[in-house]
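Colleague: I am new to this structure and would like to learn how to read it. Please take me through some of the features one at a time.

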Amino acid sequence: MLNQISYTSGSKGVLEPFLAKYPSRHLVMTMDAADQTRCTLFDLSGEKPIFSNPISFTTLQQNGLLTNFGPFIHLESYHLDADPEKVLLKHARQLLVDLTDQPGFNGGMLLRNQDRTGAIVMLTTWDNAGALSNWTESVPARVLKEFQAPGPQNTFYHQDYFVLSTTTD
């Protein structure tokens, strides 16, 4: 299991040199599904981040080896008060285990942001957007909806990515 991952965002031209400079690290270049000018570079090496301003996460749980990271990635970030966070973690942990049998699911991680917010992130990888949509609309996934409503003590966002290229470790 990876103990941590990090990522950074920018244009494809800014991020591509990292792939050439660090060919031995497991890097995954992605394109934002909603804004194709925005790219993200994930570092799945588990090593100290190589980015000057990384967004870093500690792994709480992992399902799958993530060697096939993608080709479609879904990230959900939750920042909650302590009590709702405990409930979210309980549900998210079980969902991640149950995803093993979900058609089109490749792997996933439950993460905690290492910054001051301590946000909880559920990152999953899929064969395609349709497989993700089938899961998010399923009965088991509906339990997450109660944590996605905006509120004074709740911040939620999600992001979808297409994998453009990878290096291997």
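Modeller: Start with one side chain: that of glutamine 4 reaches the backbone oxygen of glutamate 47 at 2.9 Å. This is a predicted model, in which local features need pLDDT of at least 70 and side-chain atom pairs count only at pLDDT 80 or more, while totals for chains, interfaces and linings use all residues. Residues are numbered from 1 along each chain as its sequence is written, and side-chain values use heavy atoms, with hydrogens and water left out.

Colleague: Is glutamine 4 buried or exposed?

Modeller: Buried means under 20% relative accessible area, exposed over 50%, and partly exposed in between, with a 1.4 Å probe and protein chains only. Glutamine 4 has 15%, so it counts as buried.

Colleague: Where is glutamine 4 placed?

Modeller: Helices (H or I, at least four residues) and strands (E, at least two) are DSSP runs, numbered from the N terminus. Glutamine 4 belongs to strand E1, residues 4–10, and five of the seven residues of E1 are buried.

Colleague: How does E1 pair with strand E4?

Modeller: Strands of a sheet pair through backbone hydrogen bonds, either parallel or antiparallel. Two strands count as paired if DSSP finds at least two bridges between them. E1 and E4 (residues 55–63) are antiparallel over four bridges, with threonine 58 as the bridge partner of glutamine 4. E1 also pairs in the antiparallel sense with E3 (residues 39–43), over five bridges, and there serine 6 stands opposite aspartate 43.

Colleague: Which order do the strands of the barrel follow?

Modeller: The closed barrel of eight strands runs E1-E3-E2-E8-E5-E7-E6-E4, with antiparallel pairing.

Colleague: How many aromatic pairs does the structure hold?

Modeller: A pair of aromatic rings is described by the distance of the centres and the angle of the planes. Rings of Phe, Tyr and Trp (its six-membered ring) pair if their centres lie within 6.5 Å; planes under 30 degrees apart count as stacked, over 60 as edge-to-face and the rest as tilted. The structure holds nine such pairs. One of them joins tyrosine 7 and phenylalanine 42, which are tilted, with 5.2 Å from centre to centre and 40° between the planes. Tyrosine 7 lies in E1 and phenylalanine 42 in E3, so this pair ties together parts 35 residues apart in sequence. Both tyrosine 7 and phenylalanine 42 are buried.

Colleague: Why is the pair of phenylalanine 18 and phenylalanine 51 called edge-to-face?

Modeller: Their ring planes stand at 75°, with the centres 5.3 Å apart, so the pair is edge-to-face. Phenylalanine 51 counts as buried because its relative accessibility is 6%.

Colleague: What does the side chain of threonine 167 reach?

Modeller: The side chain of threonine 167 reaches the backbone oxygen of arginine 25 at 2.3 Å. A polar atom of that side chain also lies 2.9 Å from the backbone nitrogen of leucine 27. Threonine 167 is found in the segment after strand E8 (155–166).

Conventions. A polar contact is a pair of N or O atoms within 3.5 Å; within protein, one must be able to donate a hydrogen and the other to accept it, and residues adjacent in sequence count only if both atoms are side-chain atoms.
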